[in-house]
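Hi,

Here is the structure I promised to pass on.

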Amino acid sequence: MPEKLLEVKNLKKYYKTKRGPLHAVDDIDFTINRGETLGLVGESGCGKSTTGRVVLRLVDATAGEVIFSGENILNYDKNKMRNFREHAQIVFQDPFASLNPRMSVSEIIAEPLIINKKASSKQDLHKQVLQLMDTVGLAARLENVYPHELDGGRRQRIGIARSLALKPSFIVQDEPVSALDVSIQAQILNLMDELQKEMKLTYLFISHDLGVIKHVSTNIAVMYLGKIVEMSDYASIFKDPLHPYTKALLSAIPVPNVDVHRERIILEGDVPSPISPPPGCRFYGRCFMRQDVCKDQDPVLNQISETRKVACHLVKK
């Protein structure tokens, strides 16, 4: 039986605004088993990055539970949170903005080791930094170089090395390749896959790109305007998407074969405001399959099969 590492229950994150509460994350549930990857996908503004930050308590949740290794981290005090931070880390989207420009490569990687007192001496600290650099494919000659002197791929490798410094079991990957060239993206994705296998890491991989999600995920959750609308193992969701929004996302992936024709689904209308969202299905105004029931009743994320959940009135068990 797979071992649950992370379980999120009824998680909500609302931001106060002058016009009312902004529903960034609105009552979502998901589970990630140890050693697996959950790909969280959706267009910009759907709440996926906020989800990653709330799961790590970089942002406080409005309601819900985040159960890590059997304990709800939202109830942790400062001492317990300090211990939790050693087990859970994050790799940010922009490798330049997430690094201190005044610190060298070795100083950036060494910082979590120093703060958490993980080195017995300067020699031990230097040895650990060089080991981490080698693990992520950074040459030792770059230890005294500054981030602005490196390309995006190497900068992201610094961020990955820093996230590995405390030997975590869980890492949130917040669009880690979206700011990189396509050729560099492949290198970073391959690196993360190798690290996951070698270190038995568990990932929450956040992206707007289903093509990337397909290659890294064990399971996939599709998010729209703060809610998860479909969850599935990666093979099923690409073979037979059930939610209309998932169908539209998949239709936008380029097919590298001129003989294969895929009908493109163009979504019309605008995304509703996350401030006081509409009472029914949030996808109603853009859905090409909508019915009257969708306008007034918000669909529940129902279990359709052993590995699939869908929030849509048109999808039955």
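Are Phe 68 and Phe 170 buried or exposed? Phe 68 is buried, and Phe 170 is buried too (buried means under 20% relative accessible area, exposed over 50%, and partly exposed in between, with a 1.4 Å probe and protein chains only).

Before the rest, some housekeeping. This is a predicted model, in which local features need pLDDT of at least 70 and side-chain atom pairs count only at pLDDT 80 or more, while totals for chains, interfaces and linings use all residues. Residues are numbered from 1 along each chain as its sequence is written, and side-chain values use heavy atoms, with hydrogens and water left out.

**Aromatic rings**

The whole structure holds 5 aromatic pairs (rings of Phe, Tyr and Trp, the last by its six-membered ring, with centres within 6.5 Å; planes under 30 degrees apart are stacked, over 60 edge-to-face, the rest tilted). One of them is the tilted pair of Phe 68 and Phe 170, at 6.2 Å centre to centre and 50° between the planes. The two residues are 102 apart in the chain, Phe 68 in strand S4 (residues 63-68) and Phe 170 in strand S7 (residues 170-174). Helices (H or I, at least four residues) and strands (E, at least two) are DSSP runs numbered from the N terminus. Ring pairs also bring in Phe 84, giving a cluster of Phe 68, Phe 84 and Phe 170.

**Glu 230**

Glu 230 sits in strand S10 (residues 227-233) and counts as buried because its relative accessibility is 0%. Its side chain makes a polar contact of 2.7 Å with the side chain of Arg 308 (N or O atoms within 3.5 Å; within protein, one must be able to donate a hydrogen and the other to accept it, and sequence neighbours count only if both atoms are side-chain atoms). A polar atom of the Glu 230 side chain also lies 3.2 Å from the backbone nitrogen of Leu 242.

**Helix H9**

Helix H9 (residues 244-251) is largely enclosed by the rest of the structure, because 7 of its 8 residues are buried. Among them are Tyr 245, Leu 249 and Leu 250. The buried residues of H9 pack against helix H7 (210-216), strand S9 (219-224), S10 and helix H8 (234-239), where contact means heavy atoms within 4.5 Å. One residue of H9, Thr 246, also touches Glu 230.

Best wishes

Conventions. Lists of a residue's contacts leave out its neighbours within four places in sequence.
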